[in-house]
Each structure stands twice: as structure tokens, then as C-alpha cells.
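Here is a short briefing to read with the model open beside you. Take it slowly, and find each residue on screen as you go.

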Amino acid sequence: MSTGIEADGIVAHMKDWALGSGNKWVSMGVPAVNDYGMGTGFFYSVPVVTTPGSYKRVGGISLTPEVAMAMETSRAALA
């Protein structure tokens, strides 16, 4: 049973996509392009800044070993 949280996330995602994020970082599921060394061929949530109808990945983010391991675990679960 859905609690509405999923719908809230979809609405926020579409709002940022349609109106832009105002130079604020938001997480968006976009095609993976070896983000954080995780490979390609799937969609993954990464930090982006959006303008109406487009997005730009936020670069230069350092990951702690714990975060990198959690991300790899998540990626492996998608495979």
C-alpha cells in the first residue's frame, strides 16, 4: 500500500524538471555515464542542477569509503 511518499517524490522530480531547481542541487534518476565509477547502461540517482527541461550533473563530489560501498551495493542490486 502506498503512503503517498512515492507520489510526492514524483511531483518534486517533475517540478524540478519543468521549472528548474534554481541552482540548488537535487537528486534525479538519470542515465548512468560512469558516475562515481559505477558503469553505464542503467538509470541512477545523482546530484544535478536543473533548468526548465534539462539537467546538468554536479561534479567534483568526494565520497567517503562507506558511501562508495553503499552505492556499489545499490548498483549491484540493480544488476
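Leaving out its neighbours within four places in sequence, Val 26 is in contact with Asp 16, Ser 21, Val 46, Pro 47, Val 48 and Thr 50. Val 26 is found in strand 1, which covers residues 26-33. Please keep in mind that this is a predicted model.

**Around Val 26**

- Is Val 26 buried or exposed? Val 26 counts as buried because its relative accessibility is 16%, and the cut-off for buried is under 20%.

**The loop between helix 1 and strand 1**

- Ser 21, one of the contacts of Val 26, lies in the loop between helix 1 and strand 1.
- With a relative accessible area of 7%, Ser 21 is buried.
- Which residues does Ser 21 contact, leaving aside neighbours within four places in sequence? They are Asp 16, Val 26, Val 49 and Thr 50.
- Asn 23 counts as exposed, because its relative accessibility is 67% and exposed means over 50%.
- The backbone of Asn 23 deserves a look: its phi is positive, at about 65°, although Asn 23 is not a glycine.
- For background, most residues other than glycine have a negative phi.

- Glu 6 is found in helix 1, and at 46% relative accessibility it counts as partly exposed.
- Now look from Glu 6 to Asn 23: these two are 17 residues apart along the chain, with 24 Å between their C-alpha atoms.
- Trp 17 also has its place in helix 1, which runs over residues 5-19.
- How accessible is Trp 17? Its relative accessibility is 31%, so Trp 17 counts as partly exposed.
- Together with Ile 10 and Met 14, Trp 17 makes a nonpolar surface patch of about 300 Å².

**Phe 42 in strand 2**

- Phe 42 is found in strand 2, which covers residues 40-51.
- Not counting residues up to four places away in sequence, Phe 42 touches Val 30, Pro 31, Ala 32, Arg 75 and Leu 78.
- How far is Phe 42 from Ser 62, C-alpha to C-alpha? The separation is 22 Å, for two residues that are 20 apart along the chain.

**The whole chain**

- Now step back: the chain has two helices and three strands, and read along the sequence they follow the pattern α-β-β-β-α.
- The C-alpha trace spans about 35 × 35 × 25 Å along its principal axes.
- Of the 79 residues in the chain, 22% are buried.
- Taking contacts between residues at least 6 apart in sequence, 44% join residues at least 24 apart.
- The chain exposes about 5,600 Å², and carbon and sulfur atoms supply 63% of that area.

Technical notes
Residues are numbered from 1 along each chain as its sequence is written. This is a predicted model: local features need pLDDT of at least 70, side-chain atom pairs count only at pLDDT 80 or more; totals for chains, interfaces and linings use all residues. Side-chain values use heavy atoms; hydrogens and water are left out. Patches are made of residues with over 30% relative accessible area and no salt bridge: like charges are joined within 9 Å, nonpolar side chains (Val, Leu, Ile, Met, Phe, Trp, Tyr) within 5 Å. Accessible areas come from the Shrake-Rupley method with a 1.4 Å probe; for residues, only the protein chains shown count as cover. A salt bridge is a side-chain nitrogen of Lys or Arg within 4 Å of a carboxyl oxygen of Asp or Glu. Helices (H or I, at least four residues) and strands (E, at least two) are DSSP runs, numbered from the N terminus. Buried means under 20% relative accessible area, exposed over 50%, partly exposed in between (1.4 Å probe, protein chains only). Contact means heavy atoms within 4.5 Å.
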